[in-house]
Amino acid sequence: MSGNEEPRVLGFLCNWCAYAGADLAGVSRLQLPANFCVIRTMCSARTEPLFLFKALLGGMDGVLVAGCHPGDCHYQRGNYFTRRRLVMVQEILKALNMEHERVRLHWISASECSLYQKVLTEFIEDLKGMERNVARDEVFL
Amino acid sequence: MNARVGVYVCECGNNISDQVDIAALVPMLEGAPGVVKVMSHRLLCSKEGQEFLAEEVRKEGLTHLVVAACSPRQHLPTFMEVCKRGGLNPYLMQMANIREQCAWVTSDRHEATEKAARMIRAAIARVVRQAPLPEREVEANPDVIIIGGGLSGTVTASMLAGPERRVHVVDRNPALAVALTSLKGVETHGGCEVEAVRGFFGNFEVELASKGSRQEVRVGAMVVCTGSRAMTLQEMGYPGSEAPHVVVLPQDPESLRPYLDALPSGQPKVMFVHCAGRERVGYCSGVCCLRSFKAMRWMAETAPNAQLSCLHQDICVPGRDGEREYQGILGIGARMTWGRLTALAQQGPQVTVSFRREDGSIGQDAADLVILVPATVPNHGARALIDIIGVEAGPAGFVEEAHPMLEPVSTSVKGIYVAGSASGPRDGRATSLLSLAAAAQIAAELRPGKTLRLEAQTSQVCEALCTGCRNCMTVCTYGAIEYDLVAQTCRVNETICRGCGNCVAACPSEAISVKGATYQQILQEIKEAVR
Amino acid sequence: MSEAPRGATIQSEEGPRALVPLLARALEKGTSDAVLLPLRTPGQDSYAFVLVKDPRLLRQADPLPPVQTVTGGRALSSLTRHGGGGVRILAVMRPCEARGAIELSKLGQVDLKDVTLITMDCPGTVPLQRFARGDLRPSAVGFADQDIRPICQVCDLSCAAVGDLHLGWGEGLAPILIPMDERGAEALLAMGLRAEGDTSEWRTTVSSRSQERRERREERLGQLRVASSGLDNLMVRLDSCINCHNCMRACPICYCRVCAFDIRRQERSANEVLDLAKARGSMRLPMDTLMFHLGRMNHMSLNCVSCGACEDACPAGVPIAQLFAMVSDRTQSAFKYRAGMDRQQRSPLITFLEKELEGEDGQRC
Amino acid sequence: MARGADIGTEMPKALREAVQRLMETGGFEGTFTLARTPGGGVDYFLSTKEEGAPELLPLHPVMPNHAGRLLREMTLGGAMRGKVLVITRPCELRGFVEIVKRLQGCLDNLVFLSVVCGGVFPLSMVSAGWDGKRTEEYWAYPDGRPVQGLRPACQGCTEFIPYTADLVVAPSANGHWALTAGSEEGGRLIERAFPSAPAAEMDPKALEAMAVARKAGREEVLSHEADVKGLSDLVKVFGRCIGCHACSKACPICYCTLCTFESSRMEDRMEQSKGQLEVKGGIRAPAGTVLFHIGRMGHMAVSCVACGCCQDVCPVGIPVSLLFKKVGEAVQARFEYVPGRDVKEALPINTFQPMEFKEVGE
Amino acid sequence: MGEMFQPRIVGFLCNWCSYAGADLAGANRLNVPSSITPIKVMCSSRLDPTLVLTALLRGADGVLVAGCHPGDCHYGEGNYYARRRLYLLKEVLAALGLEEDRLSLEWISASEGKRFADVASDFDRRIRELGPNPIRKRGQT
């Protein structure tokens, strides 16, 4: 990123695992990047591919989708579908040379607050190494 | 669930079977999609027939029913009841009118049979696309608000007020008649005006405002009793009408006494001019001739030496007593002249009256006192009130009845009634009659403790398709469609909707449809009709 | 304005481009929040409407591009369909586009409350498909261009001053900005101009241009009427139609979310089609081509502004804009309505008179 | 595979005659095929009788509508009552099978005749006037030389052999064409229609030559217009999009009644747009052009059969089909999925394996 | 035409006036051509032009729309809108030379049984003169 601008990241966290993990990070007073905005979904499977495209084209520098580990889904098998959808989204972005690294999927359980912190910090570090998302200034979207 | 349609063809004694070949008809209908049984019956509307049909619905496990018989305008309610007894939603029944619109109007037996088959197939195709509809009811507030505390307001209020029904009477005038204020169950709001009305039949919220204060009244129905008034001299606009010896006939002839006292002695000339303002308003008020004759009679008694004359156009004295009054006036020697008032002029002590005769020539006469018999016009403030409550008004500004003969005290808005001369010039008798009628209709339609039955086949909006263009709102007579500012789509208030379907045709997006007459249903009928 | 309007003459050789610095000035002055006008797209091969706040973007602006892509009415609708939100917009577009916007505002799809419409004399545009293929890349279109679309060649309202502010220009005519109402006058003032110039020269030019076009319209549409009258001829005219309904999608007036005729494409079951095919020997698929076009004429011919977007969008080369022009000229005159010309007049189908549509040519209804 | 029948060298006449024979002997109630319109164009017809029927042009090299789309619209409400011979190209058949998987159509009673496909010409070429010579060139026996002027999607199409057709018209040996069977039903039909025709099979050499040419063609078409390098390139490519969404309406896969990109949830309120206007200094109107195209990829890339209809109807000539082809291929390869290959194969986004894509998410 | 032409006419009748009028025609045993199949609609304003058009394009030889007389509409003013809508449809058909005479709008009150029978017979005769709807024979619609 140019200058000292902080990347802006949007997170879709599933209620039962990742969101609980994020809460636990708070309870544990773990320090987290400020420029991170969370949307709580009941299941990671609620995250439509369209949301990800919309966030990217809306100028978000990164989008994180986080849900329960495979096999642990509160709704039994939602996250398997999430995984396939994310694979698809990344393939689309790759095929268009569109910085697929901006979209990430991670499995974070309710107890993994330090993993949550790590994932987030690393993601933001990686994004700092990238250019600012050009969609933010693009008039003709 | 797969449809199981039963088709029952009524022979209607011989009414249908004489012209339609039932034996040929039944096989033509078998095998239509969803049809599990086709059967004919001698007379389905008979007690026995109804029981048979209800039993068939149960026994055959029918999901839809087609009754091919007479006009639905005659027996739809009958067969809807039969459905209920058979445990079927009554809207899942369709009637094919093969009597009035087929058997009775087609001379060729073969053609009649074919047509009957088409009509029944159309009914089948239509009914299988019908969803069950709930019989909808809404809690209704039995209270009534009456706007106007004159004769009609008083009559209506006294008829309606009771232990189970509170009646509010609003009047601009702060002092209301004792006849009203002393009535039990009546709450009067003198010096108040209606500011706003929300809601619908059974549940209106009426906002009242008086000087500096506001209050809200909740009622189930409203009655417009704003009455009428005499046209003023200024409104009539006759040249020279400001002359001191020109006066408008007052409600009570006694008020004329000061003028009589001022008449010169001898044989003063008093002239009654009928139809004053008639051209301006564009209608005959119908009640003024009689009122004028009564005033003339009073005058003949009070000032016997006065020479009475009458400038008139048509004499309009309908009813039992009118002719007698008219003859009475002729009897006391009043001079009758045909003419249309054109101008007045004070000339010395007398007033010159110019008028146009039937042949177009101008005539003149002079009198010591000219009494103009005025046209009747809507009361002050009626126009504003009409706009606030949203009822239709006629060109003259009177409240328009829903139907002049069938619904003389209803308005275009369900639950708002009109009584007395708010809907046109009336005499006292008609005023009372209409007021009684309004009270009776409300008593029947808004019974305390009863809920209101609502139209089941109403319109509904598909929000995903609605673009918010509001064509539907514009064409709706009843204001049954609201625009949701947040969702930016239209929504039907099903309590008000009466199911005509005008909105459906106005919507290009097919975002609105009317239950029971959807595009698909009508299309199916078309397909059968052109088969 | 009852007396002849006055205008502000602009000393410029550039025609409509002379508007650009004026718009920038109005933006900088702050009397407007944004300008809506066509900009050259990043690929440099087309134009798109952009709502501009930053005056630097105006460098790519072309108020009167040689081709019509999205119509101005649709662009304005996409912005203000749910309300203008108090953003004061100067919207620059052709007269037909502005008329589309006015029609859309009557249909609740455009909010003109805070919009100042700026229109200009339009010489017409070239066919979109030829332009997109690169066959035709005129830098500018002139009033005598022979390559303009057939529908533009018969446009008698190409100089209709339906905007709040109108730019008159043309061969041998210095650009002149004419305020048509209060709002236009304010905008003119914000541009630092005064309406002091005489407009009679412009009016004479426009009136003769329009007269010429009107005559041509009568003539050409008359020929089309002869050539496409009756079921057989009409079907030949529509023969290449593939039922893609793209004419409807490009139309600025067709504002439904889902076209009724798209919903109905699935109306006929396989067996129904088979039965029809058996009865008639064969059935062309998809069906209901005529239903679609006639139905659409019923839905929007009264509001049709003859912008030609439909014909531009047709992949099959159907002269659909001309057919619509032919029909809507008749239907609109039957209701004494001309789409987009009078902002106060209500759309004919949502109002009525108690006595009307009788007599004259017998009992039509 | 069951036997095939030699139908000679004279295409497309031989094909027309073969169809005629099949109709006479196959017990069909009708044929779904391209035919001559009264105005001289070409479009799909459901034809039942010979007399009064239009001139049948089976597999004429244009695609005015995607047959899969037409079949979907027809059979959405249930199966065809009688047996119908459907003559379509492989991508049309695959598109229909793909949409049947989404329960938008019904395969019952439809017998498919398809072809080892030489591609089709763009629609614009048809409206510009058809020249008989082109037909001749088109049906020349395939020897690996590409036909000029085909749809770009066809030039690079490597899925030119139908998967599930009952009957397949294919190059046989020595310049002859064959009608081969792709199913038992197809075999029976051939036996009945051509009891005495010499047996014939597909020519593997011709197929190989076609495959080589198509692969080269694919490299060629994808390397120009579809070679986008990120968002800025996409903005350039889609810059001239007029938002008519014709591509999605022509697409055999896009089956939604109300496209989400046309629904109110996609419409920005001015209150929200204001912020964007501040940041960027300007916003396109209507906005969402790129989102529409990428979003649509997200909806149907797994099922894209690269038929090229989208590009054909695009009034501004955006290489939509090439971009979708590129993206579709990438997504489908990742899931090892070929859309329309087999109606029993589940849609990749409606199924999963617990132990797959382990690298994602960890 | 090989056999005698038997027209198919769709009669859209408004529930309150014209349908009742048609009932009255029945009660009075008047003769109404059997070619007319009545379809009851609550109000003539339910008919949007495209619905009427559908009937014509699906092969109806004639479409008769009948509603209450102006001013008598049960719903206030529905028939005024119906009049405008059908007028528009006629104009469209006429502009394209498409036999607008196959469409007729009539006002028939509940008491006009005789008038219903007359109107129906007259319309039937006019349609017979016009002959069958040519759309019925076409292999394309």
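Which helix supplies the largest share of the lining of the largest cavity, and how many residues does that share comprise?

Modeller: The largest share comes from α12(C), which contributes four residues to the lining of the largest cavity. This is a predicted model, in which local features need pLDDT of at least 70 and side-chain atom pairs count only at pLDDT 80 or more, whereas totals for chains, interfaces and linings use all residues; side-chain values use heavy atoms, with hydrogens and water left out. Residues are numbered from 1 along each chain as its sequence is written, and chains are lettered from A and ligands numbered from 1 in the order in which they are written.

The largest cavity holds about 380 Å³ of space. A cavity here is a set of points, on a 1 Å grid over the protein atoms alone, where a 1.4 Å probe fits but cannot get out, and lining residues have an atom within 4 Å of a point. Grid points are joined across faces, edges and corners, and the volume is the space filled by probe spheres set on the points. The lining consists of 27 residues, and B:Asn471, B:Pro508, C:Tyr255, C:His299 and C:Met300 lie nearest the centre. At least two lining residues each come from α15 (502-506) of chain B and from α10 (260-263) and α12 (289-300) of chain C; helices (H or I, at least four residues) and strands (E, at least two) are DSSP runs, numbered from the N terminus. By residue class, the lining of the largest cavity contains 19 nonpolar, five polar and three charged residues. In that division Ala, Val, Leu, Ile, Met, Phe, Trp, Tyr, Cys and Pro count as nonpolar, Asp, Glu, Lys and Arg as charged, and the others, Gly among them, as polar.

C:Asp288 lies between β8 (282-285) and α12 of chain C, and its phi is positive, about 65°, although the residue is not a glycine. C:Asp288 has a relative accessible area of 17% and is therefore buried (buried means under 20% relative accessible area, exposed over 50%, partly exposed in between, with a 1.4 Å probe and protein chains only). C:Asn243, in the loop between α8 (231-237) and α9 (246-250) of chain C, has a positive phi as well, near 60°. Because its relative accessibility is 2%, C:Asn243 counts as buried.

Chain C also takes part in an interface with chain D. Eight pairs of chains are in contact, and chains C and D share the most contacts, where contact means heavy atoms within 4.5 Å. The interface brings 63 residues of chain C into contact with 64 residues of chain D. About 5300 Å² is buried between chain C and chain D, 59% of it on carbon and sulfur atoms; buried area is the accessible area (1.4 Å probe) that two parts lose on being put together, summed over both. On the chain C side, C:His82, C:Arg257 and C:Leu285 lose the most area to chain D, together 12% of what that side buries. Seven salt bridges are found across this interface, a salt bridge being a side-chain nitrogen of Lys or Arg within 4 Å of a carboxyl oxygen of Asp or Glu. C:Arg81 and D:Glu267 form a salt bridge, with their closest N and O atoms 2.6 Å apart. By contrast, chain A and chain B do not touch, their nearest C-alpha atoms being 19 Å apart.

Chain D contains cis peptide bonds. One joins D:Met11 to D:Pro12, with omega about 0°, and D:Pro12 belongs to the loop between β1 (4-8) and α1 (13-25) of chain D. Another runs from D:Ala285 to D:Pro286, with omega near -5°; D:Pro286 is placed in the loop between β9 (282-284) and α12 (289-300) of chain D.

Over all chains, the count of salt bridges comes to 105. In chain B, the side chains of B:Lys37 and B:Glu56 form a salt bridge at 2.9 Å, N to O. This pair links distant parts of the chain, B:Lys37 in strand β2 (residues 35-41) and B:Glu56 in helix α2 (residues 47-60), 19 residues apart. Both B:Lys37 and B:Glu56 are buried. Another salt bridge joins B:Arg340 and B:Glu279 at 3.9 Å, N to O. B:Arg340 lies in strand β18 (residues 340-347) of chain B and B:Glu279 in helix α9 (residues 278-281) of chain B, so this pair ties together parts that are 61 residues apart in sequence. B:Arg340 is partly exposed at 37% relative accessible area, and B:Glu279 is partly exposed at 47%. Elsewhere in chain B, B:Glu195, B:Arg198, B:Glu205, B:Glu207, B:Arg214, B:Glu216 and B:Arg218 are joined into one network by salt bridges that share partners.

How values were computed. 1 Å grid on protein atoms, 1.4 Å probe; cavity = no way out; pocket = protein on both sides within 12 Å on 5 of 7 lines; lining within 4 Å.
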